[in-house]
Amino acid sequence: MPEIRGQLRATGRVAILISQYNERVTSRLLEGALDCCRAAGVPDEDRDVVWLSGAFELGVVAATAADSGRYSALVALGCVVRGETPHFEYVAGEAARALSEVAVRFRIPVGFGVLTTDTMEQALDRAGGA
């Protein structure tokens, strides 16, 4: 039976889209994404880091980046912490739906790096320590 497996390697320009909301967490996610780009051999000049207000906006910014034809891959980073309202479900769900739609519509890989946690402490732990 044939086996198909992706490889981490440079294949063109990469846009890293990152939410400023919960920046204590997302800045750590950015460090990890940049490390992965280095490991794949993506030169610094082939990486664009685009800061945006929150995770909800990731979809529209990803669509704009994909539509530009400039990128071979996108990485979306954000952090949504559960609160007392259904806001958590709406933001996390719409971010996932929109990013998936971008990947299918534009036939471009979209890395989904949006943490969804119950507390800020969990988010910090998952993003690489307190």
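## Sheet, helices and cores

In strand E4 (110-117), Val110 is the bridge partner of Leu74. The model is predicted, so local features need pLDDT of at least 70, side-chain atom pairs count only at pLDDT 80 or more, and totals for chains, interfaces and linings use all residues. Residues are numbered from 1 along each chain as its sequence is written, and side-chain values use heavy atoms, with hydrogens and water left out.

**The sheet**

Helices (H or I, at least four residues) and strands (E, at least two) are DSSP runs, numbered from the N terminus. Four strands form an open sheet in the order E2-E1-E3-E4, with parallel pairing. Strand E2 (47-52) and E4 are at the edges, each with a single partner strand, so one side of each has no neighbour in the sheet. From one strand to the next, the twist averages 15°. Two strands pair if DSSP finds at least two bridges between them. Two of the pairings are listed here.

| Strands | Sense | Bridges | Opposite residues |
|---|---|---|---|
| E1 and E3 | parallel | five | Leu17 and Ala76 |
| E3 and E4 | parallel | eight | Cys79 and Leu115 |

How many of the nine residues of E3 are buried? Seven are, so E3 is largely enclosed by the rest of the structure. Buried means under 20% relative accessible area, exposed over 50%, and partly exposed in between (1.4 Å probe, protein chains only).

**Helices on the sheet**

Helix H1 (residues 23-40) lies across E1, E2, E3 and E4. H1 runs at about 165° to E1. H3 lies across E3 and E4, at about 170° to E4. Axes are lines fitted to C-alpha atoms, for helices over the stretch in contact, and angles run from 0 to 180 degrees between N-to-C directions.

The axes of H2 and H3 come within 8 Å and cross at roughly 15°. Contact means heavy atoms within 4.5 Å. From H2, the contact is made by Leu58, Gly59, Ala62, Ala63, Ala66 and Asp67. From H3, Ala98, Leu99, Val102 and Phe106 take part.

H3 (residues 87-106) also holds Arg105. Arg105 is exposed, with a relative accessible area of 57%.

**Nonpolar cores**

A nonpolar core is a set of buried Ala, Val, Leu, Ile, Met, Phe, Trp, Tyr and Cys residues joined through side-chain atoms within 4.5 Å. The largest has 20 residues. Leu58, Leu74, Val102 and Ile108 have the most contacts inside it. Strand E1 (14-19), helix H2 (58-67), strand E3 (73-81), H3 and E4 each give two or more residues to this core. H2 gives the most, with five residues.

Which residues does Leu74 touch, not counting residues up to four places away in sequence? They are Ala15, Ala62, Ala65, Ala66, Val102, Ile108, Pro109, Val110 and Gly111.

Another core, of 18 residues, lies apart from the largest one. Among its residues are Ile18, Leu29, Cys37 and Leu124.
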